[in-house]
Amino acid sequence: MASWAELQEELAVRGLAVASVPGKGRALVATRSFFPGEVVVWQEPYVSTPNKISEGSNCDNCFASSNLRKCSVCRVAWYCGSACQKEEWKLHQLECRAIAALTEDRKKMLTPTIRLMVRLVLRRKLQNEKAIPSSGTDNYNLVDALESRILPFWYI
Ligand SMILES: [Zn+2]
Ligand SMILES: [Zn+2]
C-alpha cells in the first residue's frame, strides 16, 4: 500500500508537496518555480468510462471514436482494438462478469455513473489485492492517509 511518505516522494520529483498552510488548511504547494505554460500537475483519472452506454460512441480505454468493437460477453464495453481491450482487461473482467449476469431489462438501466462507481470499487479491490499496481499518486487509500494526517490540526 502506498504511504504518505511515498506520496510526498512522488510529489517532490514534480516540485510539489502537500503541506498544512496556517489559516488555509491542507494544500498542494510548489517547492520550485514553474515557468509560464509549464504543466504543474497531470494525472490519469482514477477510473473513467464513456458517457454513453451501449451505443459504441467511444473506446472504453482511450475514448477513440472509430473502429469500435463491442465486448462479445457483456455487450456494453466497446474497444478500438485488442491493445485497448487488453489494457482494460483486469478491471473489465470483473465488471464484464457482473454486467453479463444482468437481465436485458437491468442492462438497459446501466448509466455511465453506475459504471463509474462499479469501476471505482473494482479498481480499489484490485489495488488492495495487488492485482494491479498502484503508485503514491493514484492510490485511493491515500485519501484516508491525508485525512488522518490533518485531523490533529483540526482539534488544536
Ligand atoms: Zn482504445
Ligand atoms: Zn465485457
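**Figure 1. Helices α2 and α4 pack against each other at an angle of about 130°.** In this predicted model, the partners are α2, running over residues 82–100, and α4, running over residues 112–128, and their axes sit 10 Å apart. That angle makes α2 oblique to α4, because an angle under 35 degrees would count as roughly parallel, one over 145 as roughly antiparallel, and one from 65 to 115 as roughly perpendicular. As for handedness, α2 and α4 cross in a right-handed way. If you're wondering why an angle and a distance come up together, two packed helices are described by the angle between their axes and the distance between the axes.

**Figure 2. Here are the residues where α2 meets α4.** On the α2 side, look for Lys-90, Leu-91, Leu-94, Glu-95 and Ala-98. Facing them from α4 are Val-118, Arg-119, Leu-122, Arg-123 and Leu-126.

**Figure 3. Zoom in on Leu-94, a residue of helix α2.** Is Leu-94 buried or partly exposed? Leu-94 has 18 other C-beta atoms within 10 Å, so it counts as partly exposed, since a buried residue needs 20 or more. Now find Val-118: Leu-94 and Val-118 are 24 residues apart in sequence, and their C-alpha atoms are 9.6 Å apart in space.

**Figure 4. Leu-116 is a residue of helix α4.** Which residues does Leu-116 touch, once you leave out those up to four places away in sequence? They are Val-47 and Thr-49. Pro-50 is another one to find here: 66 residues separate Pro-50 from Leu-116 along the chain, while 9.2 Å separates their C-alpha atoms. With 16 other C-beta atoms within 10 Å, Leu-116 is partly exposed.

**Figure 5. Trp-78, in strand β4, is a buried residue.** Why does Trp-78 count as buried? There are 24 C-beta neighbours inside 10 Å of Trp-78, and the cut-off for being buried is 20 or more. Leaving aside residues up to four places away in sequence, Trp-78 touches Gly-56, Cys-59, Asp-60, Leu-68, Arg-69 and Lys-70. Look for Asn-61 as well: Asn-61 and Trp-78 are 17 residues apart in sequence, with 8.6 Å from C-alpha to C-alpha. For scale, buried residues make up 14% of the 156 residues in the protein chain.

**Figure 6. Phe-63 and Arg-75 both have a positive phi, though neither is a glycine.** Phe-63 has a phi near 70°, and you'll find Phe-63 in the loop between β2 (25–30) and β3 (69–70). For Arg-75, phi is near 60°, and Arg-75 belongs to the loop between β3 and β4 (78–79). How exposed are they? Phe-63 has 14 C-beta neighbours inside 10 Å and counts as partly exposed. Arg-75 has 14 of these neighbours and is partly exposed too.

**Figure 7. Gly-81 sits in the loop between β4 and α2.** Gly-81 is partly exposed, with 14 C-beta neighbours inside 10 Å. To place Gly-81 in space, find Leu-68, which is 13 residues away in sequence and 7.2 Å away, C-alpha to C-alpha. Leu-68 also turned up among the residues that Trp-78 touches.

**Figure 8. This view takes in residues 59–96, which UniProt annotates as "domain: MYND-type".** The label comes from an unreviewed entry. Zooming back out, the protein chain has 5 helices and 4 strands. Starting from the N terminus, the order is α-β-β-β-β-α-α-α-α. How do contacts link up parts of the chain? Taking contacts between residues at least 6 apart in sequence, 48% of them join residues at least 24 apart.

Note on methods. Residues are numbered from 1 along each chain as its sequence is written. Chains are lettered from A and ligands numbered from 1 in the order in which they are written. This is a predicted model: local features need pLDDT of at least 70, side-chain atom pairs count only at pLDDT 80 or more; totals for chains, interfaces and linings use all residues. UniProt positions are given in the numbering used here, feature names are shortened, and annotations may be inferred rather than shown by experiment. Axes are lines fitted to C-alpha atoms, for helices over the stretch in contact, and angles run from 0 to 180 degrees between N-to-C directions. Helices (H or I, at least four residues) and strands (E, at least two) are DSSP runs, numbered from the N terminus. A crossing is left-handed if the near helix is turned anticlockwise from the far one by less than a right angle, and right-handed if clockwise. Two residues are in contact if their C-beta atoms, placed from the backbone, lie within 7 Å. A residue is buried if 20 or more other C-beta atoms lie within 10 Å of its own, exposed if 12 or fewer, and partly exposed in between; C-beta atoms are placed from the backbone.
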